[in-house]
Amino acid sequence: MTVHPSLQTYADAWNHSVEAISELVQPLVEGEWNRPTPCPGWSVRDIVSHIIGMECEMLGDPRPIHSLPRDLYHVRSEFARYMEMQVDVRRHHTGPEMTAELEYTIIRRNRQIRNENRTPDTLMRAPLGAEQTLELAYRMRAADVWLHEQDLRTVLGRPGNLDAPGAHIVRDNFLTVLPKVVARDAGAPPRSTVVFDVSGPLEFLRTVRIDAEGRGTIDGAPALGPAVSFALDWETYVRLAAGRVKPAAVADRIKVEGDADLAAAILDRFAVTP
C-alpha cells in the first residue's frame, strides 16, 4: 500500500497494465517490434519507448539530449515534439534492449510507488514545463498504459483486459469531457439530451443533458425522447474517444437513432486524446 490510499487505485491499475505490456512484448522477434500501431507514426517499439520514457520522467530522470529528425510527419505540435523525444532516442534499440530497459524501469517505478510518501496534492513536473498534482500524474499514467496496452493487443492480435482496472479509469476520464464534446464542440441544442448505451466488458449508460444556456451535464439515468442515442460496444467507444479510428471505419459497430446531423457532429469531435 502507498501512504495515501487515494493513489492506490491508480498504482494498482498502472501495475496491472504495465505487467501485461511486459508479458506481451517479451517473446517478440525483431521484426514484430517494427509493426505499425493505431498511434500515427508509432511502431510497437515506439509505444514501449514512450512508456519507458514517461515512467522515467515520473522517476525524475533527466530528459534525453537528442535532436529530432525534421521529417517526422506525425509530429505537428510542441506537445507531440515533447513526447517524440523519448521515442526517437530509442528507435534503433533492439528487442532485447527494449525489454531489458522496460523491466528495469518497472522495477524502479514499483520501488518508488512502495516508498511513496508525498501527498496526492504535491505538485510535480508535467510535460512542457507545466505542473500537475501527484494524484493527476498517477491517474494519467494508469490511463496511458492501459490505452497503449490495448494498442499493442490490437496490432499483435492478442485481445484482452478490456475490463481491467485501467479501463475503469479511462472510462471515467472520457466521460468527464463528454458533456463538452456534445454541448460545446458538437453544438447540441439547448434543452436536448444525448444518450450513450455502451455494451461489452465494461457496460454503462450515460445521458448528456443540455440546459437552457447550452451547458452540458452527465448522469446515469435514461432519457425520454433523446435528440440522439448511440449504442456501441466498449472497445469501439475507446478506439473512437482515443482517436485510434475514424467514425466511418467503425460505422457498422455503432447504432444511431435520432438527429443524423447532430450524431455526425458528435462522432466527428469524439476523439479527445492527442
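Which residues form one aromatic cluster here? They are Trp 146, Phe 196, Phe 204, Phe 230, Trp 234, Tyr 237 and Phe 270. Before I go through them, a word on the source: this is a predicted model, in which local features need pLDDT of at least 70 and side-chain atom pairs count only at pLDDT 80 or more, while totals for chains, interfaces and linings use all residues. Residues are numbered from 1 along each chain as its sequence is written, and side-chain values use heavy atoms, with hydrogens and water left out.

Let me begin with the rings. Rings of Phe, Tyr and Trp (for Trp, its six-membered ring) pair if their centres lie within 6.5 Å, and planes under 30 degrees apart count as stacked, over 60 as edge-to-face and the rest as tilted. By this rule there are 8 aromatic pairs. In one of them, Trp 234 and Tyr 237, the ring centres are 6.0 Å apart and the planes stand at 25 degrees, so the pair is stacked. Both residues belong to helix α7 (residues 234-241), where they are 3 residues apart, about one turn of the helix; helices here are DSSP runs of H or I with at least four residues, strands are runs of E with at least two, and both are numbered from the N terminus. Tyr 237 also pairs with Phe 270, this time edge-to-face, with 5.0 Å from centre to centre and 85 degrees between the planes. Since Tyr 237 lies in helix α7 and Phe 270 in the segment after α8 (260-268), this pair ties together parts that are 33 residues apart in sequence. Tyr 237 and Phe 270 are both buried, and Trp 234 is buried as well, where buried means under 20% relative accessible area, exposed over 50%, and partly exposed in between, with a 1.4 Å probe and protein chains only.

Now to the sheet. It is an open sheet of 5 strands in the order β5-β4-β3-β6-β7, with mixed pairing, two strands being paired if DSSP finds at least two bridges between them. At the edges stand β5 (216-219) and β7 (254-258), each with a single partner strand, so one side of each is left without a neighbour in the sheet. Strand β6 (residues 228-233) pairs with β7 in the antiparallel sense over 5 bridges, and Leu 232 has Ile 254 in β7 as its bridge partner. Helix α6 (residues 165-185) packs on this sheet, touching β3 (193-199), β4 (204-210) and β5, where contact means heavy atoms within 4.5 Å.

Arg 108 is my next stop, in helix α4 (residues 95-114). Its side chain is joined to that of Asp 61 by a polar contact of 2.8 Å; the term covers a pair of N or O atoms within 3.5 Å, of which, within protein, one must be able to donate a hydrogen and the other to accept it, and residues adjacent in sequence count only if both atoms are side-chain atoms. Leaving aside neighbours within four places in sequence, Arg 108 is in contact with Cys 56, Leu 59 and Asp 61.

I will finish with two loop residues. Leu 128, in the loop between β1 (123-125) and β2 (131-133), has a positive phi of about 65 degrees although it is not a glycine, and it is partly exposed, at 49% relative accessible area. Arg 191, in the loop between α6 and β3, likewise has a positive phi, near 60 degrees, and counts as exposed at 68% relative accessibility.

Definitions and conventions: Axes fitted to C-alpha atoms, helices over the stretch in contact; angles between N-to-C directions.
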